[in-house]
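Hi everyone, thanks for coming.

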Amino acid sequence: MDGLSMTEGRRLLLGALAGFTLTALLAVVAVLIARLFPGSRYCSEYLGCLGLLVESLRTGRWAMTLLAWPLLHLLGIRPAWPAAVLGLLLLMALWALGRFSFGVYALSGVIAYTVAAWASAPGRFRLWVATALSSLTTWAVMLLLA
């Protein structure tokens, strides 16, 4: 299906599906890593392997951004690279906000890639640039406040 003929609703749904898939994959891999390495230095008697789980989420979220472009392309979002780049910028802003709320952190992939798929639709270049700049500004402010 051509990206120019895709309806906005379908594009939003596919962006949300990509964000959910990436977030679920990240959670599954993080739990598997915590289960596979119970003797790690991140594991303790009282908290179990919570430290390993947190560390794998911290590094795994960057791997999630690398998988975004192929997944968006596979789902039929065309062009996929602007949605992946904008999704990364939105994710960075949401991760900064996620320091204050686990719910924002957990839903960051769904939120970011839904908005990115919509904002990067053909014919919305100005909106894409405005969203990217506002995301970078939000991210910078949150880093300064933290």
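**A pocket and a core**

Let's start with the second largest pocket: sorted by class, its lining has 8 nonpolar, 3 polar and 1 charged residues. Please keep in mind that this is a predicted model. The volume of this second largest pocket comes to about 180 Å³.

Which helices supply at least two residues each to that lining? They are H1, H2, H4, which spans 102–106, and H5. Among the lining residues you'll find Thr23, Arg61, Met64, Trp95, Phe102 and Ser108.

Let me stay with Ser108 for a moment. It sits in helix H5. Is Ser108 buried or exposed? Its relative accessible area is 3%, so it counts as buried, the cut-off being under 20%. Leaving aside residues up to four places away in sequence, Ser108 touches Leu91, Leu94 and Trp95.

As a general point, nonpolar side chains in soluble globular proteins tend to be buried together. Here, the largest nonpolar core has 25 residues, and those with the most contacts inside it include Leu22, Met64, Leu72, Leu91 and Trp95. Two or more residues each come from H1 (8–36), H2 (50–75), H3 (80–97) and H5 (108–119). H3 gives the largest share, with 10 residues.

Note on methods: Residues are numbered from 1 along each chain as its sequence is written. This is a predicted model: local features need pLDDT of at least 70, side-chain atom pairs count only at pLDDT 80 or more; totals for chains, interfaces and linings use all residues. Side-chain values use heavy atoms; hydrogens and water are left out. A nonpolar core is a set of buried Ala, Val, Leu, Ile, Met, Phe, Trp, Tyr and Cys residues joined through side-chain atoms within 4.5 Å. Buried means under 20% relative accessible area, exposed over 50%, partly exposed in between (1.4 Å probe, protein chains only). Helices (H or I, at least four residues) and strands (E, at least two) are DSSP runs, numbered from the N terminus. On a 1 Å grid over the protein atoms alone, a cavity is a set of points where a 1.4 Å probe fits but cannot get out, and a pocket is an open set with protein on both sides within 12 Å along at least five of seven lines; lining residues have an atom within 4 Å of a point. Grid points are joined across faces, edges and corners, and a volume is the space filled by probe spheres set on the points. Ala, Val, Leu, Ile, Met, Phe, Trp, Tyr, Cys and Pro count as nonpolar, Asp, Glu, Lys and Arg as charged, and the others, Gly among them, as polar. Contact means heavy atoms within 4.5 Å.
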